[in-house]
Amino acid sequence: MQIRKFLPLAALVLLVMSSCTSVRVVSDYDTTASFDNYRSFAFFKPGVDKAQISDLDKKRILRAIDAELTAKGMIKSENPDLLISIFTKERERVDVYNNNFGWGWGWNPWWWGGGFGNTVSSRTEGTLYIDLIDTTTNELVWQGLGTANISHLSVERKIARIQEIVAKILEEFPPEPKQ
């Protein structure tokens with residue numbers, strides 16, 4: 001019977017913890033682009049330089065992109081088919097959880113404003129945009145973005161998190177061919 005009292009709290013904690021680990025990904029692309037023709041890439045230095053993150057994080061992102069595209073059979077080239085540019089945004093997200101609830105039937109000490117009170121948490125949420133630009137037309141042909149929690153990570157966890165975000169974004173590239 002005691003365990004049932006804590007199930008709602010356990011479910012809430014699990015929900016909050018799982019929401020912190022997810023990466024939300026969206027992609028868009030030019031439906032007229034022929035993605036089968038893209039076999040090589042290079043990084044667009046002016047675009048990468050504009051990203052407002054540390055040089056260390058830029059290197060981590062570029063290494064992760066390089067690894068993902070290489071795994072897809074593309075090669076890094078001086079004369080590429082695609083230029084890769086990145087853009088980043090970050091925002092502080094504040095969540096307020098109202099936990100003034102009680103358990104059981106009727107009146108008990110937990111019912112009237114008892115429980116655990118309000119919980120306020122804040123975290124930094126970052127968004128990484130990866131743009132792929134066709135070098136023959138100089139037009140954007142594919143864009144992927146991933147949003148994830150990036151707060152308070154050790155160096156090792158930050159590297160793993162960046163690799164996870166980039167991998168999830170580039171799962172969407174190349175888009176499935178139209179039937």
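**View A. Asp57 and Arg60 pair up through their side chains in a salt bridge, 2.7 Å from N to O.** A salt bridge here takes a side-chain nitrogen of Lys or Arg within 4 Å of a carboxyl oxygen of Asp or Glu. This is a predicted model, where local features need pLDDT of at least 70, side-chain atom pairs count only at pLDDT 80 or more, and totals for chains, interfaces and linings use all residues. Numbering starts from 1 along each chain as its sequence is written, and side-chain values use heavy atoms, with hydrogens and water left out. Both partners sit in helix 3, three residues apart, about one turn of the helix. Helices are DSSP runs (H or I, at least four residues), numbered from the N terminus. Asp57 and Arg60 are both buried, and buried means under 20% relative accessible area, exposed over 50%, partly exposed in between (1.4 Å probe, protein chains only). Lys158 joins Asp57 and Arg60 in a network of salt bridges.

**View B. Asp55 and Lys58 form a salt bridge, with their closest N and O atoms 3.9 Å apart.** These two also belong to helix 3 (residues 55-71), three residues apart, about one turn of the helix. Asp55 is exposed at 54% relative accessibility, whereas Lys58 is buried at 9%.

**View C. Over in helix 2 (residues 45-50), Asp49 and Lys45 are four residues apart.** That puts about one helical turn between Asp49 and Lys45, and their side chains meet in a salt bridge at 3.0 Å, N to O. Asp49 is partly exposed, with a relative accessible area of 43%, while Lys45 is exposed at 54%. The structure has seven salt bridges.
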